[in-house]
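Colleague: I'd like to go through this one with you, feature by feature. Could you give me the general idea each time, and then the case at hand?

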Amino acid sequence: MPEWPGRSARDQAIRRYVDEQVDWEPGPRLATPPALLLLGPHGSGKSSLLRHLEHWGQRLPLASADLAAATPEGQSKSFFDALTELVFKLQEVKDDYPPLVFPSFSVLLMAVVTGVSTQSRERAVQEMRAAFEPNGQQEYAYEKLQPLIQGVATAIGGVPAWVTQVIPVIRGGQRIRAAVEIRRRVSHAAREAGHNHAAMDFLVRVNRLFNGPSVQRDEAEALLMRAFLADLRAAYTDRRGRRRRTAHCLLLLDNVDHEAGNRLLRLLLESRAAREHTDPLLVVAGARTRPETLARREEGTQSAVLDYRTGSWPDETVFQPVRVRGLHVGWLRDLNRDEVLHHAGAVLKALPERARQPETPDQAEWLGWVVHGATRGQPAATGVVLEALGRFPADTDWETRVRQCLALPGTVPGLDLALTAADQVLDRLLPHLETALWRALPSTAAALTPDQAEAAPGLLPSLAARNWYEAVATDVAQPVVRFLLLRLLDAAPGDPGAGPWENACHTLRAAARDERTRAYYDLACEDVAGAVDYLRRRFGTVPADEWCADLSWLQRAPARWRGGLPEPARARYERLVGGAVGDEARQVITRLLVAGWITTHPRTDPCVELYEDPFGDPYAELYGDIAEDFRALRRLARDANDLFVFRERAKQYERKPW
């Protein structure tokens, strides 16, 4: 099968895994392929990946469905809608494979949509027989039967218009003994469903179950699933199938955490649990949250085994999903630096001729570093930010581009709204939020963690807001979302010194239980002296590596962008440091704290995974100052190990981070 030009290494690794599960070799054997569930938050690329898998697998018998999409009637999809849609799509004629037909499923489908008496079972059997054997005819063209079947099905409300097309059609004017054929199919359907009732009595029972209470409908839906899988198995194991069917069917399911998707997945796995069951269905499903089917299968399993984030990626190039009782579960990791760099290089290559380039020799590496710092590889955010950077006028310098690409509309005078991706990122990563929560969210972004935001008195105004926040806390914690929410907090109107930014930081500081956290919120309010006091007291009293970890942690405090865009790095550094006071150690610590608060840090920093302001120092101008100040601390140190730690920290800032 072809590769995917331009796709990330992450998606390529997942595609390779899917490819390995497809039996491409001719042969009579039938082994059930896995059901793969891909988990990832909003914007992680689930739907995009499934679309690319659909394009990649066009040669295979293939069906796809979005379980969150509404039906043509505007209703939420049911299990019935989803399964009949998939069966319909699997019947598409492929050049390399004989067409699939679903006789057992078609018979049950006719049974559940046929209107029969609910008062008399004998009458219901007669009405069901009449639907299958019209006018008592013993022999007629199959083509004449098809319109009748369509009429029966479409007469029942709520059935999708195309659902009757799953019923196989024998072309070419072939004449068959229809009544005999239908009875054969009914008997086959009953046998595959594990029932040996008389044919029409069995179909009436299926009809009653399907149209009865929810518990009974569950049983009818299980029968439909078993008939569907039995037809697939028969298509692959009969004489013709063993000879000509050499690849599995591919089933692509998006949003299986919705009710219809969860039920589809549950019934599929339950059917597969039957003894000696086999089927040719390779399932790849995507979900934002863990569907109930997965949660139930996790019960009693060691939590260490279920670490999907790291467990499914033993390294960033190999995808190995975690096995959970019949399911293979993988996490859609974010893009790594190299993947972002690859896409950044493509943006630079696509610029118009004579467009301005970044003012650095290694341009793609620089742009990849800046964008990864802003998005941390979040796929949707990375895509829209890179797209926005490429939309600027060709003569725009790159420092302006990166400072404006996530600027909030309305906060920067004269900003072209087409040049910022801020609204796009928020729409993709925080969709469908209540208005009340939107008003509360910016203040929560000032918190170190969602748990701290939830615990701080008054930060979330009501119990309803707390409940909403709990549902989106994971999305809010993403660095790019937190960055944009902080910009909203920064731009909110208020009195000088007592605006929303200060109020949020003071609330969180008052709720803090340790001195280091209080220093963190001091720095967020630009009380540099308060944060320096903490570091100065610790200097020389704790090992240097512990002190450096404290320093890096404090430098992740949120920073204001007064006026909607960050100040130039050098101007902001000089404004905040001013005339540093105190002894030599305090002056060095002041300069070091401020410089590291403004800039972004190398990969070797002890707090590299934590939030930081991505655009404060896009060309790493302050790295030389930081290296010099670490060398100054080394001269003040007395412990041999501290000398080594400060020397190594200085080396980390002697070269550009990209």
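Colleague: Let's begin with arginine 354: is it buried or exposed?

Modeller: Keep in mind that this is a predicted model. Arginine 354 is exposed, with a relative accessible area of 82%. You'll find it in the loop between helix H14 (337–349) and helix H15 (363–375).

Colleague: Where is alanine 620, and is it buried or exposed?

Modeller: Alanine 620 lies in the loop between H28 and H29. Its relative accessibility is 0%, so alanine 620 counts as buried.

Colleague: Since H29 has come up, how many residues does it have?

Modeller: H29 runs over residues 623–636, which makes 14 residues. From its first C-alpha to its last it reaches 20 Å, close to the 20 Å expected at 1.5 Å a residue.

Colleague: Which residues of H29 are buried?

Modeller: The general idea is that an α-helix has 3.6 residues a turn, so residues three or four places apart point the same way. In H29 the buried ones are Tyr623, Ile626, Ala627, Asp629, Phe630, Ala632 and Leu633. Those buried residues pack against H26, helix H27 (569–577), helix H28 (584–598) and helix H30 (640–652).

Colleague: H26 has another partner, I think. At what angle do H25 and H26 pack?

Modeller: Two packed helices are described by the angle between their axes and the distance between the axes. For H25 (residues 528–538) and H26 (residues 544–554), the angle is about 170° and the axes are 10 Å apart. Angles over 145 degrees count as roughly antiparallel, so H25 and H26 are roughly antiparallel to each other.

Colleague: Which residues meet there?

Modeller: H25 brings Ala531, Tyr534, Leu535 and Arg538, and H26 brings Glu546, Trp547, Asp550, Leu551 and Leu554. By type, the residues of this contact of H25 with H26 are six nonpolar, three charged and no polar.

Colleague: What about cysteines: how many disulfides does a search of the whole structure find?

Modeller: A disulfide is a covalent bond between the sulfur atoms of two cysteines. The search of the whole structure finds zero.

Colleague: One glycine to finish. Where is glycine 40 found?

Modeller: Glycine 40 is in the loop between strand E1 (35–39) and helix H2 (46–56). With a relative accessible area of 0%, glycine 40 is buried. Leaving aside its neighbours within four places in sequence, glycine 40 is in contact with Lys46, Ala287, Arg288 and Trp331. Its C-alpha is also 7.6 Å from that of arginine 333, 293 residues apart along the chain.

Colleague: And for the protein chain as a whole, what share of residues count as buried?

Modeller: Of its 658 residues, 55% count as buried. The chain has 30 helices and eight strands. Among contacts between residues at least 6 apart in sequence, 72% join residues at least 24 apart.

Notes:
Residues numbered from 1 in each chain as written. Predicted model: local features only at pLDDT ≥ 70, side-chain atom pairs only at ≥ 80, totals over all residues. Heavy atoms only, no water. Disulfide = S-S within 2.5 Å. Axes fitted to C-alpha atoms, helices over the stretch in contact; angles between N-to-C directions. Helix = DSSP H or I, 4+ residues; strand = E, 2+ residues; numbered from the N terminus. Parallel < 35°, antiparallel > 145°, perpendicular 65-115°, else oblique. Contact = heavy atoms within 4.5 Å. Nonpolar A, V, L, I, M, F, W, Y, C, P; charged D, E, K, R; others polar. Expected span 1.5 Å × (residues − 1). Buried < 20%, exposed > 50% of the residue type's maximum accessible area, 1.4 Å probe, protein only.
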